[in-house]
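Please open the model in a viewer and keep the selection panel at hand. The stops below are meant to be taken in order.

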Amino acid sequence: MAGLYIHIPFCKQACTYCDFYFETSRKHRADFVHRLLGEMEMVTAERPDFTSEKIETIYFGGGTPSQLTAVEINQLLEKIRLLWNVSMEVEITLEMNPDDVKKGYLAEIVDAGINRISMGVQTFNPERLRFMNRAHSREEAHLALEALQQSGCRSWTADLIYGNPDQDEADLMQDIDALLEYNPPHVSAYSLTVEPKTKLGSMVRKNIVKPAEDDLVSRHMKVVTESLGKAGIERYEVSNFARPGHESRHNSSYWTHTNYLGLGPSAHSLWWDADGKGATRWSNEPKLAGYMQRGEENSPLFRQFEPEFLDKKALAEERMLIGLRTARGVKEESLAQRYNYKLNADQRSWIARMRKEGYIQPERDGEAGVRLSDRGLMLADYIALQIISRG
Ligand code: SF4
């Protein structure tokens, strides 16, 4: 099985905190869709192995994929169905912003095959929306979620950002309660991260904004986890919460190193080598202009920017780093079978110590592995790095 990721690099405006790749000019949108269709044809012709596996998940990310028209989304999905063997049970996610939810649009994209929508709400607080430079208002966020509930879309999720400067817990609860009114099947909640090359990064450097203290961010994370948990939306990864059966299959497949192909500028791919000794990760041409140019030239370098080979040990370590962020943790059996990786005595004794201190959960019968407690999940990266460094 495999997944497809499609990067749509257009946004209405730049959010203060965002360091994803996007362009605010949308004048090349139609040409871009044409290039994307061309890229699909090119990669499947050059690498037949990319079409040898059934596509189980498709993810339109960005940027803002809802900047595409329903007709364009349909065209892309039609081409995918033509070139790949798409599973009957495929999960097809599209990221969307509330201000793009126009009458009829949701019904049209659901009709085209989108069965999971990821709504970028972030907050309902009007002042904070302005600070974030989001393109939508509180009213648009409410209207979008209402429309989503009635859309007949199989599943959906909304993003929230916590740990904002000057945000207290009561304020955070208002956002959570507002979202819970719509019974979301899934929520992604992230702490605000200050990335250096963003407007927020520059505001922090100039002391215009003071980022939230780590303690406050941890308390916010606890509030989010407990409030969503009480509503039946359980944490299955540090930032992801779902009702049973609504976990993101696409994201979960990244965490287990399922093959996936990224299309569009700056999209990443990972594909296991035929001999199973490791996998190659690469990214596409990073900028729209270069991407369009390479498409024009039919360049074979189209999809081979900075390839990196990962042997099984590197993949196992990465699996540990990502897997420990999930509620399921990492099973020793899967580390051994998939990556030929076995924990040594030093790693085991460190894990035993952390288990005694309550950071790692007790082992389940017949299922040796490492699963972090709620306390441990707060330090997931640190714990994973400690285990890896002893390997
Ligand atoms: S809409 Fe999303 S991708 Fe675009 S600038 Fe805002 S956060 Fe970044």
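This is a predicted model: local features need pLDDT of at least 70, side-chain atom pairs count only at pLDDT 80 or more; totals for chains, interfaces and linings use all residues.

Residues are numbered from 1 along each chain as its sequence is written, and side-chain values use heavy atoms, with hydrogens and water left out.

Next, select Thr256, Arg319, Thr326, Arg328 and Gly329, which lie nearest the centre of the second largest pocket, out of 18 lining residues. A pocket is an open set of points on a 1 Å grid over the protein atoms alone, with protein on both sides within 12 Å along at least five of seven lines; lining residues have an atom within 4 Å of a point. Its volume, the space filled by probe spheres set on the points, is about 480 Å³. Colour the chain by domain: domain 1 (2-252) and domain 2 (313-389) both give residues to the lining, so the pocket lies between them. Helix α12 (332-339) gives the most, with three residues. The lining comprises eight charged, five polar and five nonpolar residues.

**The cavity**

Now select Arg328 again, together with Val330, Arg355 and Glu367, which are among the residues lining the largest cavity. A cavity is a set of grid points where a 1.4 Å probe fits but cannot get out. About 80 Å³ of space lies in this one. Strands β13 and β14 (369-370) each supply at least two lining residues. Seven of the lining residues are charged, three nonpolar and two polar.

**Aromatic pairs**

The structure holds eight aromatic pairs (ring centres within 6.5 Å). Select tyrosine 5 and tyrosine 59: their ring centres are 6.1 Å apart and their planes at 20 degrees, so the pair is stacked (planes under 30 degrees apart). Tyrosine 5 belongs to strand β1 (residues 2-8) and tyrosine 59 to strand β2 (residues 55-62), 54 residues apart. Tyrosine 5, at 13% relative accessibility, counts as buried (under 20%), as does tyrosine 59 at 9%. Finally, select Phe10, Phe32 and Tyr291, which ring pairs link into a cluster.

Technical notes: Helices (H or I, at least four residues) and strands (E, at least two) are DSSP runs, numbered from the N terminus. Ala, Val, Leu, Ile, Met, Phe, Trp, Tyr, Cys and Pro count as nonpolar, Asp, Glu, Lys and Arg as charged, and the others, Gly among them, as polar. Domain bounds come from an automatic or database domain assignment. Rings of Phe, Tyr and Trp (its six-membered ring) pair if their centres lie within 6.5 Å; planes under 30 degrees apart count as stacked, over 60 as edge-to-face and the rest as tilted. Buried means under 20% relative accessible area, exposed over 50%, partly exposed in between (1.4 Å probe, protein chains only).
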